[in-house]
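Q: Please take one part of this model and look at it closely, then carry on from there to its surroundings. I would like one connected account, with the cut-offs behind each term.

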Amino acid sequence: MPVWMGTSWKMNKTLAQARDYTVRLVKELGDRDLTGVQPFIIPPFTALATVREIAVDDPRVILGAQNAHWDDAGAWTGEISVPQALDAGARIIEIGHSERRQHFGETIETTRLKVAAALRHGALALLCVGEPAEVRDAGRSTAYILEQAEGALAGLSDEQLRSVLIAYEPIWAIGEAGRPATPEELRGPFAALRERFGDRVRGLLYGGSVNQDNASDLLRIDGVDGLFVGRAAWEVEGFLALLDIATAHNSTDS
């Protein structure tokens, strides 16, 4: 199983900035050995096709979309369908990020519909789960994230689950105000996710204040198959450094 190392740019980067980042990334990757490491980038929709045109020179980098609607087409003003996202270059569809749940009404049911749509069209579904601080403080983290994951993945066959990535991103650990989680705080949730989904899904990722200082420790947590990174990978140098950490971890682990 590869070590996944990816980043979402969220609502950042103009076309020029996205183009510059991708050109530099492809150049720097060059002949770099990425054996056992799977990089992925999730740009904003406006930049996806532009990034695809450049990243095609290094097919090792998978591209994704930050969201997609469950319908293939229709009167959904402002939305993007899975076929449209794939047409623009995405192979991964991010679903259920906490910001989508908090600010745009994403529910367990809509995540289930979106996962089904992504899989129906042959995409990888990147399902985000995570609990707020009050749930953590009440000792309900495991039950909360399992409810999110099981609800979104209900009814899927083992074959379909092989096209699902689950990213555990505790809400209290993400964003500028987030507090980095300690390995001790993550062992319980990942043990539960591993017990429930085991090797049935493509991989279990962690996201939440990931940086070059804690990436190695996070990758050593049992059940963590990769990292989903925010601002620490928004500059090319940061992403390359994290890829180096993943490569070193994979080499040591093997």
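A: Lys-13 sits in the loop that runs between β1 (3–8) and α1 (15–29), where helices (H or I, at least four residues) and strands (E, at least two) are DSSP runs numbered from the N terminus. Although Lys-13 is not a glycine, its phi is positive, at about 85°. The model is a predicted one, in which local features need pLDDT of at least 70 and side-chain atom pairs count only at pLDDT 80 or more, while totals for chains, interfaces and linings use all residues. Residues are numbered from 1 along each chain as its sequence is written, and side-chain values use heavy atoms, with hydrogens and water left out.

A positive phi is also found at Ser-209, which is not a glycine either and has a value of about 55°. Ser-209 belongs to the loop between β7 (203–206) and α10 (215–219), and it counts as partly exposed because its relative accessibility is 21%; buried means under 20% relative accessible area, exposed over 50%, and partly exposed in between, with a 1.4 Å probe and protein chains only. In helix α1 there is Val-23, which is partly exposed with a relative accessible area of 42%. Val-23 and Thr-107 are 84 residues apart in sequence, and their C-alpha atoms are 37 Å apart in space.

Next comes the open space. On a 1 Å grid over the protein atoms alone, a pocket is an open set of points with protein on both sides within 12 Å along at least five of seven lines, a cavity is a set where a 1.4 Å probe fits but cannot get out, and lining residues have an atom within 4 Å of a point. Grid points are joined across faces, edges and corners, and a volume is the space filled by probe spheres set on the points. The largest pocket has a volume of about 930 Å³, and of the 35 residues that line it, Ser-8, Lys-10, Met-11, Gln-66 and Glu-99 are the closest to its centre. Two or more residues of this lining come from each of α2 (45–55), α4 and β8 (226–229), and α4 gives the largest share, four residues. By class, the lining of the largest pocket has 12 nonpolar, 15 polar and eight charged residues, where Ala, Val, Leu, Ile, Met, Phe, Trp, Tyr, Cys and Pro count as nonpolar, Asp, Glu, Lys and Arg as charged, and the others, Gly among them, as polar.

The second largest pocket has a volume of about 240 Å³; among its 15 lining residues, Leu-219, Val-224, Asp-225, His-249 and Asp-253 are the closest to the centre. Helix α11 supplies the largest share of that lining, three residues, and the lining divides into six nonpolar, four polar and five charged residues.

Thr-111 lies in helix α5 (residues 108–120) and counts as buried because its relative accessibility is 0%.

Finally, the largest nonpolar core has 70 residues, with Ile-93, Leu-153, Tyr-206 and Leu-227 having the most contacts inside it. Helix α11 (residues 236–253) gives this core its largest share, seven residues. Apart from it lies another core, of 12 residues, including Leu-124, Leu-165, Leu-205 and Phe-228. Such a core is a set of buried Ala, Val, Leu, Ile, Met, Phe, Trp, Tyr and Cys residues joined through side-chain atoms within 4.5 Å. Not counting residues up to four places away in sequence, Leu-227 touches Trp-4, Met-5, Gly-6, Leu-205, Tyr-206, Val-210, Ala-215, Leu-218 and Leu-219. Over the chain, 52% of the 254 residues are buried.

Methods:
Contact means heavy atoms within 4.5 Å.
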